[in-house]
Protein chains: 2
Amino acid sequence: MLDARTRTADAFDPATVDVAIVANPPGGSLAGLPNLKLVQSLWAGVDRLLADPTLPGDVPLARMVDPMMNDAMAQTALWAVLSLHRAFFAYALHQREHQWQPHAQRRADEVPVAVLGLGQMGTAVAQRLVVNGYPVAGWSARPRSLPGVATHSGDEGLTRVLAGAQIVVNLLPLTPATQGLFNASTFACMRRGASLVNLARGGHVVESDLLAALGSGGLQHAVLDVFCVEPLPPDHPFWSHPQITVLPHVAALTDPRSAAEVVARNVRALRDGRPIEHLVDRARGY
Amino acid sequence: MLDARTRTADAFDPATVDVAIVANPPGGSLAGLPNLKLVQSLWAGVDRLLADPTLPGDVPLARMVDPMMNDAMAQTALWAVLSLHRAFFAYALHQREHQWQPHAQRRADEVPVAVLGLGQMGTAVAQRLVVNGYPVAGWSARPRSLPGVATHSGDEGLTRVLAGAQIVVNLLPLTPATQGLFNASTFACMRRGASLVNLARGGHVVESDLLAALGSGGLQHAVLDVFCVEPLPPDHPFWSHPQITVLPHVAALTDPRSAAEVVARNVRALRDGRPIEHLVDRARGY
């Protein structure tokens, strides 16, 4: 078994490696392993792995689906929604100016939230928001149904979901179809003064279009956990923008305690000839 | 009926007033109303009303118990707990320094929370935290039981609850018994690095002791919605303290839509000779 993070040129015989457990390894790390039978990602998103042209095309690739990671994502999304709904980002700015300024208070049922992407994480987020009283609409590429959530799919569904929400939470996988999805034309579909919470991938958002939408008042605020370049460079305009909350890609970290069980289950399944869980469909990209 | 906020010297005949609907009116506002039969507060806490020596002693006084206000309080407490649990206040500081610095991630079940005060609001807060996966202990002056919450009472119970929590949320009424409850000796009972969320009254906290506990590392952070003097004066040290989050007394505002029904119900009850709801026990102070 190979942990690509610690691979060195002469530390092992490539022919002995049958399982590679990886967390966004450098390009080329998985080439030249003739007996590789499984690539197990420690990350939920496999867009960077799939972008590596040396990734063996015929070896099964499994994503991380860690219940604790889903839970962490639901917490982060709920925190962002509560912060936007109850003006807590605004109060933080007021505090810096020693300014006592209450804002009007809305009920949760007056703040419609859209969740884009209804995979494991999007589902966990949508359910958590419903439990906490928010009206939730969901969008996914293929039709899905989810109790308590108004689900939509397709291009027309996306326009409808974006137009109906005060807060849009993005949890889509990054694929050629979703690259740059948040751009001037999608921002124009959103309600004036709506907010964006991007917990998926930096490549989903056209950064210059986001800055323009915030500047014009089209969007009110963005909570961003992911960026086109990570770590976000120190001179990037997002850091000091009063309408942007920057998180250092921490919305949901893999929890080693629960993730180890997920990995062990797949390794055992491989050894025993049983089906591998959470296999990636490479044509779909997730 | 009298709305004390708009009372002027000659606008009405005092003898015609039977119900006073008040929101922290100036001292003396309720004196000289010979036929007053009910004082209905629009606020949940009546400590300032009770401190007015001219408040008629023989007129029933009702507190505001507004389900929407309870819900708002639960949202604020949950937001504060999520922010502390997931290091979101730390990330906000890092953002100001353009610093990309992930912190370790804990599960909700690793973050014990104590809720002090199990009245309408404390109960709503405790239940909301349980639903979101936190282990919750509750404390109240008199013994109470609450599903899913480990409840305690009395002095010994208080010490135990404080010692067991990573985050302490205060929702006690302000009475002579709870004035200054958070002082050097209670802070010394708390875990090193624990945090305080005060959503009740400023008088519960000895401000100089809080600053000392934060400075020594005894406490990690305080989220404060209430202060000894409100609005918090512009030169107060809390505003610029990196370990203090200041909110301008907005944790839970009375929602006029739902509160109006509560008031109307009590006025109708008075007219019809039925029991008034949410009467204050003046000896207890809430």
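Between chain B and chain A there are 27 residue pairs in polar contact, both residues at pLDDT 80 or more. A polar contact here is a pair of N or O atoms within 3.5 Å; within protein, one must be able to donate a hydrogen and the other to accept it, and residues adjacent in sequence count only if both atoms are side-chain atoms. This is a predicted model, where local features need pLDDT of at least 70, side-chain atom pairs count only at pLDDT 80 or more, and totals for chains, interfaces and linings use all residues. Residues are numbered from 1 along each chain as its sequence is written, chains are lettered from A and ligands numbered from 1 in the order in which they are written, and side-chain values use heavy atoms, with hydrogens and water left out.

Which parts of chain B touch chain A? Helix 2, helix 3 (88-96), helix 4 (120-131) and strand 11 of chain B each bring at least two residues. (Helices, H or I with at least four residues, and strands, E with at least two, are DSSP runs numbered from the N terminus.) Helix 2 of chain B gives the most, with 9 residues. On this side of chain B you'll find 25 nonpolar, 16 polar and 9 charged residues.

The contact draws 50 residues from chain B and 50 residues from chain A, contact meaning heavy atoms within 4.5 Å. Chain B and chain A bury about 4,300 Å² between them, with 59% of it on carbon and sulfur atoms. Buried area is the accessible area (1.4 Å probe) that two parts lose on being put together, summed over both. Look for Gln95(B), Trp100(B) and Trp239(B): they supply 19% of the area that chain B buries against chain A, more than any other three residues.

There are also 2 salt bridges between the two chains, B and A. A salt bridge needs a side-chain nitrogen of Lys or Arg within 4 Å of a carboxyl oxygen of Asp or Glu. In one salt bridge, the side chains of Glu110(A) and Arg257(B) meet at 2.5 Å, N to O.

Now for the sheet in chain B. It is open, has 7 strands in the order 7-6-5-8-9-10-11, and pairs them in parallel; two strands pair if DSSP finds at least two bridges between them. Strand 7 (150-153) and strand 11 (244-246) of chain B sit at the edges with a single partner strand each, so one side of each has no neighbour in the sheet. From one strand to the next, the twist averages 15°. Helix 2 (residues 67-85) of chain B packs on this sheet, touching strands including strand 5 (113-116) and strand 8 (167-170), and its direction makes about 160° with that of strand 8 of chain B. Such axes are lines fitted to C-alpha atoms, for helices over the stretch in contact, and angles run from 0 to 180 degrees between N-to-C directions.

A few backbone details are worth a look. Glu230(B) and Pro231(B) are joined by a cis peptide bond, with omega about -10°, and Pro231(B) lies in the loop between strand 10 and strand 11 of chain B. His98(B), in the loop between helix 3 and strand 5 of chain B, has a phi near 55°, a positive value in a residue other than glycine.

Technical notes. Ala, Val, Leu, Ile, Met, Phe, Trp, Tyr, Cys and Pro count as nonpolar, Asp, Glu, Lys and Arg as charged, and the others, Gly among them, as polar.
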